[in-house]
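Subject: A structure for you to explore

Hi there,

Here is the structure I promised to pass on to you. Have a look at it first, and then read on for what turned up in it.

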Amino acid sequence: MRDLREYRRDFPILQATVHDKPLIYLDNAATSQKPLPVLETLDTYYRTYNANVHRGLHALSERATAAYEAARRKVAAFINAPQPQGVIFTRNTTESINLVAQAWGRKFLTAGDVVLLTEMEHHSNIVPWQLLSQQIGFQIRYLVVREDGTLDLSNLDRMLDGVKLMGLTHISNVVGTINPIAQIVDAAHRAGAVVLIDGAQATLHIPVDVQALKCDFYAFSGHKTCGPTGIGVLWGRVDLLEAMDPFLGGGEMIESVTLEKTTYAPPPNKFEAGTPAIAEAIALGAAIDYLTGIGMERIAEYDEMLSSYALERLGSVPGVRVLGSAPQRSSAFAFTVEGIHPHDLSSLLDTHGVAVRAGHHCAQPLGRRLGVPASARASTAFYNIPEEIDALVDALHEVKKVFGYVRP
Ligand code: C6P
């Protein structure tokens, strides 16, 4: 078995330099880096069998179709979906959530209904519901986030009263909290609600099993899972997908079209109008092969080790405050440094080759709730090493010197 450290070598970008310093890439929650098999899959597709899928009866099209459908089966196995038909290729998590809002919500929600979200959500799991609510008139309720970055579940049953759909993130992209999904889904189902999980921050870090989570929809992004941009996934229970109306109309999603009316193909095709992101889907399949080759359990263990190290090291820097302290947490660490604006911090860390994100992390309500509208955020992946955390901490000390920070 390869030492986890060796997988670093599969990521050419990790050899890059930035401002003449070795790149320390700690912005994995924004997007992950891509290993060689993913890059090679994209290259091979375009060099040797680029063709449209599900259309041509020629060799190239058949090969492209077979690879595209094989990628769907790989995704299904990766998240332990019962059938590949439940796997819909989208552009990203955002589009997957919009698909549920528009194709499920528009059909099944009415004025007077309630959608339950949480204060921890990324804007992707807030705005689509607000847009739809403006059209339909249902109410949106939010589960409260506590100071430690965990959800307040003390009144969950009451909050679920009258709820038709609950949407929540598996892992917070700001405070890293891993939410107790199966427990929440159980309560939501008892209340008669359908549950959508935003898995954008989960698929790179922990094994995902939609059957164990018992959710109804699960959304994630290829680019955050070592795959390319432009490809995402919505998994849905096939009976729900069958009952839903299409999201977009066009080629590929139809059974028959007359000038008067259209009947639709069964899922997943019903939700894949137009030419899909073929190369990207196939390369996502390669990313999944790569991750499962390492083993998601192994990745999760390593992640936990590196996260504890990062928390300990960050906590040792005077003036640094890490947001959230959930007992179950992943490897996104939003933090502030006393007296230094996060944007300045991020720009100065960049001069040391250290890439972190700064701002509201597309989760403004959470920032407001925690009283920290902007923060810096370091986020690791399995190809990061403890020495890179050390480099971040060294760079933080240097940045503090620039600002003349002296411990009070
Ligand atoms: N968060 C971050 O830096 P898209 O952009 O559709 O691939 O993913 C949206 C999304 C949805 N939910 C969560 C929990 C997310 O973290 C993200 C993306 C990135 O935190 C970019 S804003």
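This is a predicted model: local features need pLDDT of at least 70, side-chain atom pairs count only at pLDDT 80 or more; totals for chains, interfaces and linings use all residues.

Now for a pair of helices. The axes of helix H2 (residues 59-78) and helix H9 (residues 278-294) cross at roughly 40 degrees and come within 8 Å. H2 and H9 are therefore oblique to each other. The crossing in which H2 passes H9 is left-handed. On the H2 side, the residues in contact include Ala64, Ala67, Tyr68 and Phe78, while those of H9 include Ile278, Leu284, Gly285 and Ile288. Sorted by class, this contact between H2 and H9 has 12 nonpolar, 2 polar and 2 charged residues.

Next, the sheets. 7 strands make up an open sheet with mixed pairing, in the order S4-S10-S9-S8-S7-S5-S6. Strand S4 (87-90) and strand S6 (139-143) are at its edges with a single partner strand each, so one side of each has no neighbour in the sheet. From one strand to the next, the twist averages 20 degrees. H2 comes back here: this helix packs on the sheet and touches S4, S9 and S10, its direction making about 115 degrees with that of S4. Helix H4 (residues 127-136) lies across S5, S6, S7 and strand S8 (194-198), and runs at about 150 degrees to S6. Within the sheet, strand S5 (residues 114-118) pairs with strand S7 (residues 163-169) in the parallel sense over 3 bridges. To find one of the bridge partners, look at Val115, whose partner in S7 is Leu165.

Another open sheet has 4 strands in the order S13-S14-S17-S16, with antiparallel pairing. Its edge strands are strand S13 (320-322) and strand S16 (357-359), each pairing on one side only. Here the twist averages 30 degrees from one strand to the next. Helix H10 (residues 296-315) packs on this sheet, where H10 touches S13 and S14 and its direction makes about 5 degrees with that of S14. Strand S14 (residues 332-337) and strand S17 (residues 375-379) are joined in the antiparallel sense over 4 bridges, and Phe333 has Ala378 of S17 as its bridge partner.

What about charges? Side chains of opposite charge can pair when their charged atoms come close. The whole structure has 21 salt bridges. One of interest is between Arg377 and Asp27, whose closest N and O atoms are 3.4 Å apart. This pair links distant parts of the chain, with Arg377 in strand S17 and Asp27 in the loop between strand S3 (24-25) and helix H1 (36-49), 350 residues apart.

The contact of H11 with H13 has 8 nonpolar residues, and no polar or charged ones.

Finally, two details of the backbone. Most residues other than glycine have a negative phi, and most peptide bonds are trans. Cys226, though not a glycine, has a positive phi of about 70 degrees, and the peptide bond from Pro267 to Pro268 is cis, with omega near 5 degrees.

Enjoy exploring!

Best wishes

Technical notes: Residues are numbered from 1 along each chain as its sequence is written. Side-chain values use heavy atoms; hydrogens and water are left out. Axes are lines fitted to C-alpha atoms, for helices over the stretch in contact, and angles run from 0 to 180 degrees between N-to-C directions. Helices (H or I, at least four residues) and strands (E, at least two) are DSSP runs, numbered from the N terminus. Angles under 35 degrees count as roughly parallel, over 145 as roughly antiparallel, 65 to 115 as roughly perpendicular and the rest as oblique. A crossing is left-handed if the near helix is turned anticlockwise from the far one by less than a right angle, and right-handed if clockwise. Contact means heavy atoms within 4.5 Å. Ala, Val, Leu, Ile, Met, Phe, Trp, Tyr, Cys and Pro count as nonpolar, Asp, Glu, Lys and Arg as charged, and the others, Gly among them, as polar. Two strands pair if DSSP finds at least two bridges between them. A salt bridge is a side-chain nitrogen of Lys or Arg within 4 Å of a carboxyl oxygen of Asp or Glu.
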